[in-house]
Amino acid sequence: MKIAVTVKIVPDTTAEKKIDAATKRLVRTGMNLVMNPYDEYALEAALRLKEQLGADTTVTVVSMYPENGKETIRRALAMGADDAYLISDAALEGTDAWGTGVVLGAALRKIGFDLIICGGLSDDGTTGAVPGALAEDLGVPGIANVRHIESAQGSLKVQCETDNGYQVVNGPLPALISVTMAVGEPRYPSLKGIMGAKKKPITTFTVAELDVAGAAGAANAKTELLSFAPPAGRGKGQVVKPDDSAQGARVIFDYLKERKLV
Amino acid sequence: MSDVIIFVEQRGGHTRKVTFELATEARKVADMLGGKAHAVVLGGGAPALAEQLKGYPLDVVHVNDDADVDTYLAEPEVDYVEALARELGSSIVLVPNTMHGRDIGSRVAARLKTGIVADVTDLKLEDGKLVCVAPKLGGAFITSSAFKNTEYGVVTVRPNAFAAEAGGAGATVQPIAKPAGKTYVVKIESHVEEAAAEIGLEEAAVIISGGRGLGSAEPFDSVLKPLAKAFGGAVGATRAVADAGWVPYSMQIGQTGKTVSPRLYIAFGISGAIQHKVGMSTSGTIVAVNTDAGAPIGEFADMLVVANALEVATELTRLVEANRSA
Ligand SMILES: Cc1cc2nc3c(=O)[nH]c(=O)nc-3n(C[C@H](O)[C@H](O)[C@H](O)COP(=O)(O)OP(=O)(O)OC[C@H]3O[C@@H](n4cnc5c(N)ncnc54)[C@H](O)[C@@H]3O)c2cc1C
């Protein structure tokens with residue numbers, strides 16, 4: 001079975017984010033880049049499936065990034081993916097969720113797949129729209145919010161998270177699923193994995209090679225960012241050191257009462 | 001001119017408060033754009049819910065209790081919403097920013113080859129354009145976006161961001177035809193309820209949240225739940241406690257969990273790590289109880305009470321319950 005995992009390269013969550021006033025985009029230069037944390041879970045789910053299903057299962061990582069993101073993608077290979085495809089082209093700068101679905105779709109049609117696993121959200125955009133857009137572009141069944149893969153041999157049986165529990169869902173392959181972090185904690189690359197990753201193939205596609213010029217870049221995007229601003233800051237509040245817990249509770253109660261919250 | 005369509009997330013005739021928030025906001029947006037406000041209600045129980053929606057300021061409620069909607073995942077709903085959007089022409093689709101809502105919204109957007117603006121907390125008209133306001137990067141920035149190159153737009157709306165107000169002249173309820181020639185393959189076998197919360201975390205007006213400082217799983221049920229109940233709210237948690245197996249992941253708030261913005265957020269024994277903060281820092285009032293006066297949560301909470309979380313929660317529950325019955 002051929003599993004493909006989509007991976008987004010994002011600025012480190014813990015780093016302070018800046019937006020360029022001219023381009024209105026996130027400043028990426030000088031930022032420590034990481035794999036979108038949700039995608040690490042997607043990769044983990046893929047690697048666990050590979051361990052279950054045996055040697056003829058492969059895990060391929062597919063990523064779209066305007067600049068050269070090879071170093072970040074190496075981590076995915078070090079975790080255990082077999083190979084990677086990078087769609088790397090300056091023309092991709094400013095591509096929106098719809099466009100990303102089209103670009104990834106074109107790459108995946110070339111690469112081939114039985115199962116695509118995506119992270120449920122991206123850490124910088126949090127639109128969560130790419131998995132749906134990609135499934136629609138490829139015309140394959142899409143199953144969102146997967147928290148556990150029960151089986152993936154011949155067909156799929158998964159648990160999908162809902163607002164108050166989960167539902168058991170089944171469907172055919174090929175398909176696309178997007179996972180939540182309940183699928184299992186991502187592994188750390190082993191030393192052997194890190195060494196081995198250097199020899200694993202990374203293939204690069206350009207926008208022209210994929211014939212997706214009509215979907216790439218800010219000019220084709222269906223949304224535009226008009227403005228951004230830091231919110232009216234939420235400063236440090238008051239610190240209360242009560243004599244005992246009962247007084248602590250009383251202080252909170254009175255505060256909530258004053259704010260008409262109880 | 002553009003119409004507005006709201007996608008109603010429901011099961012068995014039951015829906016969440018966010019539906020009524022969408023119905024209220026749809027009217028305002030439709031008036032801004034000079035169009036009509038529509039709702040689509042699908043699946044078992046839809047007709048009863050459609051009747052209930054008549055009390056909100058919509059123009060047309062389209063209804064079909066198609067059993068396929070309950071049997072097959074997402075796809076039938078996407079087909080109906082797409083079909084209605086194409087029939088109406090230029091339109092804005094509003095879906096709730098919930099797990100299912102985002103799924104539907106992203107596919108409808110792809111079908112209509114249009115954009116999607118996620119987690120929107122305000123909608124306004126500027127220079128003839130619909131402007132969608134959304135906090136991004138964990139509330140670090142407030143963005144304004146608009147649609148371009150398209151006659152459609154999809155907006156996922158953050159629960160609790162808009163008021164729900166009944167009113168209007170009474171919508172027309174009419175059947176919507178099942179889209180023809182579709183076959184469905186992704187089947188829902190069963191539903192399992194874990195956190196039988198009546199109120200979803202994302203729409204709760206009050207969230208009582210617990211972290212590792214509560215010491216064990218037990219107080220989530222025995223103390224936080226009654227406290228949340230007394231407030232009419234819901235219980236949330238940090239990833240550390242979800243990882244520890246104290247609560248299901250569906251209760252986790254933060255970067256890799258849910259994003260919430262209740263009117264009141266009380267954090268018991270939560271350190272306030274950045275990954276937790278980004279999921280809740282847009283809450284109205286934040287109160288924290290932590291034994292460590294230097295806990296990071298003190299940097300953004302309106303009030304930090306330096307005390308034992310479990311004891312304070314227990315006592316606060318007593319006070320709030322007494323106040324309610326008074
Ligand atoms: C990629 C990634 C994604 C993540 N996503 C999330 C996420 O979505 N959500 C999330 O929450 N976390 C997330 N985390 C984890 C996050 O970094 C923190 O580890 C986590 O939020 C800590 O949870 P906590 O506050 O319960 O525990 P701790 O950090 O251990 O804090 C416990 C707090 O309780 C206090 N305390 C101890 N005893 C008592 C007592 N008796 N009474 C009162 N206070 C007491 C302590 O002073 C401390 O401040 C993520 C981490 C990573 C790396």
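What follows is a conversation about a predicted model and the terms used to describe it.

Modeller: This is a predicted model, where local features need pLDDT of at least 70, side-chain atom pairs count only at pLDDT 80 or more, and totals for chains, interfaces and linings use all residues. Residues are numbered from 1 along each chain as its sequence is written, chains are lettered from A and ligands numbered from 1 in the order in which they are written, and side-chain values use heavy atoms, with hydrogens and water left out.

Biologist: What makes strand 1 and strand 6 of chain A a pair?

Modeller: Two strands pair if DSSP finds at least two bridges between them. Strand 1 (residues 2–7) and strand 6 (residues 115–119) of chain A have three bridges, in the parallel sense. Therefore they count as a pair. One bridge partner of A:Ile3 in strand 6 of chain A is A:Leu115. Strands (E, at least two residues) and helices (H or I, at least four) are DSSP runs, numbered from the N terminus.

Biologist: Which sheet holds these strands, and in what order do its strands run?

Modeller: An open sheet of ten strands, ordered 11(A)-5(A)-4(A)-1(A)-6(A)-10(A)-7(A)-8(A)-9(A)-13(B), with mixed pairing.

Biologist: What makes a strand an edge strand here?

Modeller: Pairing on one side only. That holds for strand 11 (202–205) of chain A and strand 13 (187–193) of chain B. From one strand to the next, the twist averages 35 degrees. Axes are lines fitted to C-alpha atoms, for helices over the stretch in contact, and angles run from 0 to 180 degrees between N-to-C directions.

Biologist: Which helices lie across strands of that sheet?

Modeller: Helix 3 (residues 97–111) of chain A lies across strands 1, 4, 5, 6 and 11 of chain A, at about 145 degrees to strand 4 of chain A. Helix 5 (residues 99–111) of chain B lies across strand 7 (142–151) and strand 8 (155–162) of chain A, at about 120 degrees to strand 7 of chain A.

Biologist: Why are helix 1 and helix 2 of chain A called roughly parallel?

Modeller: Angles under 35 degrees count as roughly parallel, over 145 as roughly antiparallel, 65 to 115 as roughly perpendicular and the rest as oblique. The axes of helix 1 (residues 37–53) and helix 2 (residues 70–79) of chain A come within 10 Å and cross at roughly 30 degrees. Helix 1 and helix 2 of chain A are therefore roughly parallel. The contact (heavy atoms within 4.5 Å) is made by A:Glu40, A:Leu43 and A:Leu47 of helix 1 and A:Arg75, A:Ala76 and A:Met79 of helix 2. By class, there are four nonpolar, no polar and two charged residues. Ala, Val, Leu, Ile, Met, Phe, Trp, Tyr, Cys and Pro count as nonpolar, Asp, Glu, Lys and Arg as charged, and the others, Gly among them, as polar.

Biologist: Why are helix 1 and helix 2 of chain B called oblique instead?

Modeller: The axes of helix 1 (residues 17–33) and helix 2 (residues 46–53) of chain B come within 11 Å and cross at roughly 50 degrees. Helix 1 and helix 2 of chain B are therefore oblique. B:Thr19, B:Phe20 and B:Ala23 of helix 1 make the contact with B:Leu49, B:Gln52 and B:Leu53 of helix 2. This contact has four nonpolar, two polar and no charged residues.

Biologist: How do you know that strand 8 and strand 9 of chain B pair?

Modeller: Strand 8 (residues 122–126) and strand 9 (residues 129–136) of chain B share five bridges, in the antiparallel sense. B:Asp122 has B:Val133 as its bridge partner in strand 9 of chain B. Two residues lie between the strands of this hairpin, and B:Asp127 takes a positive phi near 50 degrees.

Biologist: What is the strand order of the parallel sheet?

Modeller: Six strands form this open sheet, ordered 13(A)-18(B)-17(B)-16(B)-14(B)-15(B). Its edge strands are strand 13 (238–240) of chain A and strand 15 (234–237) of chain B. The twist averages 20 degrees from one strand to the next. Helix 6 (residues 218–231) of chain B packs on the sheet, touching strands 14, 15 and 16 of chain B. The direction of helix 6 makes about 165 degrees with that of strand 14 of chain B.
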